[in-house]
Protein chains: 2
Amino acid sequence: MNGAESLVKTLLNNAVDVCFTNPGTSEMHFVAALDAHEKMRCVLGLQENVVTGAADGYARIIDKPAATLLHLGPGLSNGLANIHNANRARSAMINIVGDHATYHRKFDAPLTSDIEAIAHPVSHRVHTSPSADDISTDAAQAITCANTYPGQISTLILPADTAWTNTRNPVVAAKPAPGPVAASEEQISEIANIIRSGEPTLLIIGGRCLREEPLKLAGKIIAGNNNIAMKAETSNGRMERGAGRQDIDRIPYPVDQALEMVKNFKHAILIEARDPVAFFAYPGKPSRILPEDCIVHNLAGINGNGHLALEMLVEELGSGNVAPAISEFLLPPLVKGQLNADSLGSVIAHAIPENAIVIDEAITSGRQFFPATATSNPHSWLQLNGGAIGIGIPLAIGAAIGAPDRPVISLQADGSAMYTVQGLWTQARENLKITTIIFHNRSYNILKSEMRGVGIENPGPSARNMLELDNPVLDWVSIANGMGVEAGRANDCQSLLSQIQRGLASQGPYLIEAEL
Amino acid sequence: MNGAESLVKTLLNNAVDVCFTNPGTSEMHFVAALDAHEKMRCVLGLQENVVTGAADGYARIIDKPAATLLHLGPGLSNGLANIHNANRARSAMINIVGDHATYHRKFDAPLTSDIEAIAHPVSHRVHTSPSADDISTDAAQAITCANTYPGQISTLILPADTAWTNTRNPVVAAKPAPGPVAASEEQISEIANIIRSGEPTLLIIGGRCLREEPLKLAGKIIAGNNNIAMKAETSNGRMERGAGRQDIDRIPYPVDQALEMVKNFKHAILIEARDPVAFFAYPGKPSRILPEDCIVHNLAGINGNGHLALEMLVEELGSGNVAPAISEFLLPPLVKGQLNADSLGSVIAHAIPENAIVIDEAITSGRQFFPATATSNPHSWLQLNGGAIGIGIPLAIGAAIGAPDRPVISLQADGSAMYTVQGLWTQARENLKITTIIFHNRSYNILKSEMRGVGIENPGPSARNMLELDNPVLDWVSIANGMGVEAGRANDCQSLLSQIQRGLASQGPYLIEAEL
């Protein structure tokens, strides 16, 4: 058995059985080892940001890490932005990065780079295996790291000679990963007192507490209590929502709206959430969103056990029998005619099938989608978290592979879609049930409003040239067809709804160019 | 004047007048400043590896840096692989990376990352401006760094508040950049003695010595001297070749061929070149290419003045009147019928017009192109240098913008083309005269031979799944059309030649899917 085989066996032995990959020469022994172990599902991406974004989507849906297999520093670099996003989404991921043979590095061959340095800014743990004998132990440690609650980025660099050298070291079982940290009785008691005090209090909820059960617990706490509100963080890895669930709104992305929403609270309780900050700084506006006199209480940090804390808090408050405000299935009126931000929300609300996974990289087009779909069929909502655009198409891949029985609807801004457009090919290759809607506004629309924000009402030709995508106009049907994905167009609400229904009925991926 | 304007004025004042860009919110003040200065040509790429690869192509053709404008850590990360390639090609480049406002960083907003850490592995210099008053001086220093012979990567990180804050500091003139280092009389004399000794000696030539004049000087040294040979490095940023020039072959990429080529030399003279090493390590094969008993003489390092050293050497040897072996215009027979590695070379040789720029990311399909085109019309040959695939389409953009009057022929492997396929849109938007030939072999063909190299003759379904691009087959005509690029197909030599001629006659970009 060589080091490469010991890696694959260790991964499989520890329930890591999906590998998103774009390998190169230095990973050929790993490819051979993967080839010999058919239980490992290998999914090829034609650029590494597809690979890492797919691993993120998989982890968000299945709560366990996939492996990625990447080719030296440049392969890692290409996938870095979506590792950044996964990190911000608190996803689990094990990146296997091939490197030159240990003795070859000092010759500084063209593909040589400082892989550890590139990996560190987006990884919780970075380790380079020194020899074939170390691989199984190192891989087990990488798995433990990735599985650490709520999920971590673990990057394991394997020089080519560690892959091809024989080892007699056995496969290693990964140690159990550290679970979430429980709140103390004192914390619970303190928070309960704040809630009983009647002072205006905001529960800020994030991470795994945006699943069905913890949200219902939070719902018990706020039900009938006018002084207590709850909001989700602005960006969330996964939210469980729709009919039959406790609805929760998010702290808005636009800083002025966010400031307005929270301005009257005297206490903020963080539950797997962070003290909210503005996405960007703007001249004369604060970085922190909460008012200065609002007291922040950290009930459960982002690695805390928010679910348990909510259970304890409900018990402490005696709210166990309170009924949370469960959403009934209720669709907004189906708007007809032109596609715009408002009418789109109505169409999406009607289109979401039961148990769907919704991927949201709709950016400006999508600001109205979230409230419009609050009482649609029950679904999971996966967002861009780290602000690095180009996640939607890959995220849909990973989600569809993690949950092959669930329909995936991918809400996708055109500018962001172009970042990882190669992912459409993987959707076709794996025949994934993904319906992608491209919101074709032919611009980086968000930047046009940011331009106005810096005082440029009428940008000149040079600025327009950097913000408009209208010359040439992208033909998304051609692009999708060129990568093997069936596609159609919609230019009003009726045709969009029927196109989405067609996509959902398809056995593979389908793409809709929605003309705004 | 705010910091952003002081940046743009300083760039323009120091002859940096092209900016390849994909800006975001944190760069909006730069966009506004660029908008106010129409002498700066701004070129939008729909993903940052297009942006940085284009800057590389521009620098290779025009011998001066372009600026890039990138959006925080993820924007830099997306462009990192082609910065790596540019670094290995010794290209000049000034990366301007926007960051959060200085006071906003500590809040760790979603797009926050350690930009300096990400930039360091691919940059000669990384600097973060602390205030608006520093920008003009910092930009001038970045320009000096980039212009340092033969070209360096300079990354300047500008927090958003340094852009929007006013400054009264004047525009700064960049200090002259350090020029190439001259060889000493003693070195010249020592090398001349080696050449006179008659011992088998190899001149290894790289960098700017692969231009017309220095190659003719090297040609004078080897002419009529059976014991002296010359070879270019395996990968080169730019070579001037074809009819009327001194031909030079490259050290082959396959390690066995490289070892065979150099095995009998007792001396190697490096002229803007490095001691050659294998691209990858292979079990049982050496990392260094030269024989162990071959003495390596560093006449001019990669930042040395090889051209001057060759002049001095020619004078010392009294070879001034020797005629180098200038190539006469001579085309190989035009092969007809099926497209394959050999016949393709013949078609390309016939197709190259006078003064063309040829971009070579043909990978396996292109191994025969280089010898086949040695005596074609005179042209520049630009290669992938750093091994990070996905450079061809962007490199063609930058070359075409640097030399708008020269036709560009882009020889492109299909797998590599998919990495930066978004660049086709920029080719259309800027209406660049680029004829791209996609060698459509529907696989990562280089990896299939590497699989055989590790002993896997018959890869199973999982390995094939990682190496084949045939399910689904990419339709390059659809993809190109979808991004606004006219396209056609060729399935034999005659149709390929006529398609290339059609592309060259077009006023904008044209893409040919060549079926292998």
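**Figure 1. Fold of chain A in the predicted model.** Chain A contains 20 helices and 18 strands, where helices (H or I, at least four residues) and strands (E, at least two) are DSSP runs numbered from the N terminus. Its radius of gyration is 24 Å, close to the 24 Å that the globule rule gives for 516 residues, so chain A is as compact as a globular protein of that length. The radius of gyration is taken over C-alpha atoms, and the globule rule is 2.2 Å times the number of residues to the power 0.38. The C-alpha trace of chain A spans about 65 × 60 × 45 Å along its principal axes. This is a predicted model, in which local features need pLDDT of at least 70 and side-chain atom pairs count only at pLDDT 80 or more, while totals for chains, interfaces and linings use all residues. Residues are numbered from 1 along each chain as its sequence is written, chains are lettered from A and ligands numbered from 1 in the order in which they are written, and side-chain values use heavy atoms, with hydrogens and water left out.

**Figure 2. Relation of the two chains.** A rotation of 180° with 0.0 Å of shift along its axis superposes chain A on chain B, with an RMSD of 0.0 Å. The two copies are thus related as by a two-fold rotation axis. The superposition is by least squares on the C-alpha atoms of residues with pLDDT of at least 70 in both copies. Of the interface residues of chain A, 100% are also interface residues in chain B, so the copies meet through the same surface.

**Figure 3. The interface between chain A and chain B.** The contact (heavy atoms within 4.5 Å) takes 95 residues from chain A and 95 residues from chain B. The area buried between the chains is about 8000 Å², of which carbon and sulfur atoms give 64%; buried area is the accessible area (1.4 Å probe) that two parts lose on being put together, summed over both. A:Pro110, A:Tyr419 and A:Met466 supply 9% of the area that chain A buries against chain B, more than any other three residues.

Figure 4. A salt bridge is a side-chain nitrogen of Lys or Arg within 4 Å of a carboxyl oxygen of Asp or Glu. By this rule there are 47 salt bridges over all chains. A:Lys64 pairs with A:Asp17, their closest N and O atoms being 3.6 Å apart. Between chain A and chain B the count is 4, including the salt bridge between the side chains of B:Asp108 and A:Arg274 (3.0 Å, N to O). Helix H4 (residues 72-88) of chain A gives the most to the side of chain A that touches chain B, with 8 residues.

**Figure 5. Backbone details in the loops of chain A.** The peptide bond from A:Tyr149 to A:Pro150 is cis, with omega near 0°, and A:Pro150 is placed in the loop between helix H6 (135-147) and strand E6 (153-159). A cis peptide bond also joins A:Asn471 and A:Pro472, with omega about 0°; A:Pro472 lies in the loop between helix H18 (461-467) and helix H19 (476-482).
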